[in-house]
Amino acid sequence: MTEGRKRSTWALLALAISAFAIGTTEFISVGLLPLISRDLQIPVTTAGLTVTLYALGVTIGAPVLTSLTSSVPRKTLLFWIMIFFIAGNSIAAGATSISMLLLGRVISAFAHGVFMSIGSTIAADLVTEDRRASAISLMFTGLTVATVTGVPLGTYLGQQLGWRTAFVAIVIVGVIALIANFILVPSNLRKGVKTTFGDQLKLVTNARLLLLFMITMLGYGGTFVVFTYLSPLLTEVTGFSASTVAIILLVYGIAIAIGNMIGGKLANKNPLAALFGMFVIQTIILFIMFATVPFKVAGLITIFFMGIMAFMNVPGLQVYVVILAERFVPSAKDVASAINIAAFNAGIAIGAYLGGVITDSIGLIHTTWVGGIMVAGAVVLTGWSRVLESKNGKSRVGKNNQEVVCS
């Protein structure tokens with residue numbers, strides 16, 4: 001391994017640690033809701049605002065704050081992101097009321113949105129063009145590892161020592177990430193480019209980028225129709241005990257991590273073609289799950305493959321938004337990435353809401369095929385995007401992510 005490649009790998013690991021801290025924060029409230037509800041003497045649905053407002057904070061904060069901070073040097077911005085992240089979680093850890101807790105969650109969400117936006121572009125800039133998707137997937141590995149270990153551990157800590165202890169632990173990880181970024185991330189990163197209002201307008205009115213944001217929302221969010229209610233699905237429909245479900249969720253998280261790494265390698269060559277194939281397989285798996293989930297062995301196999309596919313599309317979606325932004329609005333690449341992060345979170349919010357409606361109306365098992373329909377929408381839109389790539393004959397994302405100009 002060359003010296004340059006070693007440095008970029010260490011820098012990517014520093015970003016992955018930050019992503020781990022942020023990923024743990026994102027979903028930690030889910031496991032702590034009953035504890036927060038009892039301690040603050042509020043309804044569980046009110047405690048649920050810690051999840052809802054966090055998602056909204058990321059959705060709104062990512063594009064707005066990324067745009068406002070576009071001219072700040074990347075490493076300086078990374079530093080301040082982690083400071084705000086630590087501050088937000090410190091407020092949450094010391095919260096004595098729901099309003100104080102929500103304030104801490106929203107501050108953390110703003111840091112989350114900006115980090116995931118510029119983190120992807122920094123990761124892409126740290127390596128050669130043919131390794132960009134792999135670099136992004138390595139950074140997102142921190143997020144997937146958080147799903148596997150951070151959230152269950154945080155929930156366990158909260159149950160044993162009180163919910164505030166879980167936020168204290170996140171603060172400690174945040175401090176470690178801050179130090180890692182300071183030491184391992186190079187200072188000579190590409191400077192941020194100030195994004196004008198005109199460029200931002202171009203982003204939100206560009207049909208190709210809008211198409212991609214829709215693909216992200218449907219393709220990523222579809223799994224959350226099922227995933228949000230996976231625990232009750234496993235106990236009430238498949239018949240597993242609660243203790244077994246915890247182990248299954250751990251295995252599911254490992255499958256997510258594996259899928260994320262595979263997705264990065266597949267998307268290195270031709271992200272759009274890779275995404276199309278991924279969404280087709282993901283749709284089929286979700287439909288098959290409707291038939292297999294009542295049976296333990298068949299259900300487990302299907303759930304494992306659902307985990308494999310769940311995050312596999314993330315590197316491809318992030319690298320493709322960078323490619324499109326470079327083509328149509330190169331001065332607003334970071335903001336384009338930020339809007340895509342917002343689309344991921346909008347997909348989570350829509351998927352989770354849809355799952356709740358389906359569960360209340362026709363039953364848990366139907367979240368499977370409804371999620372499949374949502375991802376099928378991504379298949380159609382990705383196919384449309386492929387047609388547009390080849391139809392206009394002007395540009396095409398070819399081998400090794402190089403734009404091939406065709407007259």
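How many residues has helix 7, and how far does the helix reach from its first C-alpha to its last? Helix 7 (residues 163-184) has 22 residues and spans 32 Å between these two atoms, close to the 32 Å expected at 1.5 Å a residue; the expected span is 1.5 Å times one less than the number of residues. Helices here are DSSP runs (H or I, at least four residues), numbered from the N terminus. The model is predicted, so that local features need pLDDT of at least 70 and side-chain atom pairs count only at pLDDT 80 or more, whereas totals for chains, interfaces and linings use all residues. Residues are numbered from 1 along each chain as its sequence is written, and side-chain values use heavy atoms, with hydrogens and water left out.

The buried residues of helix 7 include W163, F167, I170, G174 and N181, where buried denotes under 20% relative accessible area, exposed over 50% and partly exposed in between (1.4 Å probe, protein chains only). W163 and F167 also belong to the largest nonpolar core, which holds 121 residues; together with L15, L101 and M116 they touch the most other members. Such a core is a set of buried Ala, Val, Leu, Ile, Met, Phe, Trp, Tyr and Cys residues joined through side-chain atoms within 4.5 Å. Helix 1 (residues 3-40) gives the most to this core, with 13 residues. When residues up to four places away in sequence are not counted, L101 touches I36, L40, T50, A92, A95, W163 and F167, contact being heavy atoms within 4.5 Å.

Eight aromatic pairs were found in the whole structure. Rings of Phe, Tyr and Trp (its six-membered ring) pair if their centres lie within 6.5 Å; planes under 30 degrees apart count as stacked, over 60 as edge-to-face and the rest as tilted. F79 and W80 form an edge-to-face pair, because their planes lie at 85 degrees, with the ring centres 5.4 Å apart. F79 is partly exposed at 36% relative accessibility, as is W80 at 45%. The pair of Y220 and F224 is tilted, because the planes lie at 45 degrees, with the centres 5.4 Å apart. Y220 is buried at 6%, and F224 is buried at 5%. Both lie in helix 9 (residues 207-227), four residues apart, about one turn of the helix. Y220 and F224 form one aromatic cluster with F227, Y252, F311 and F344.

Charged side chains also sit over rings, as defined by NZ of Lys or CZ of Arg within 6 Å of the ring centre and within 35 degrees of the ring normal. K296 lies over the face of F240, 5.3 Å from the ring centre, and the charged end of R386 sits over the ring of F276, 5.2 Å from its centre.
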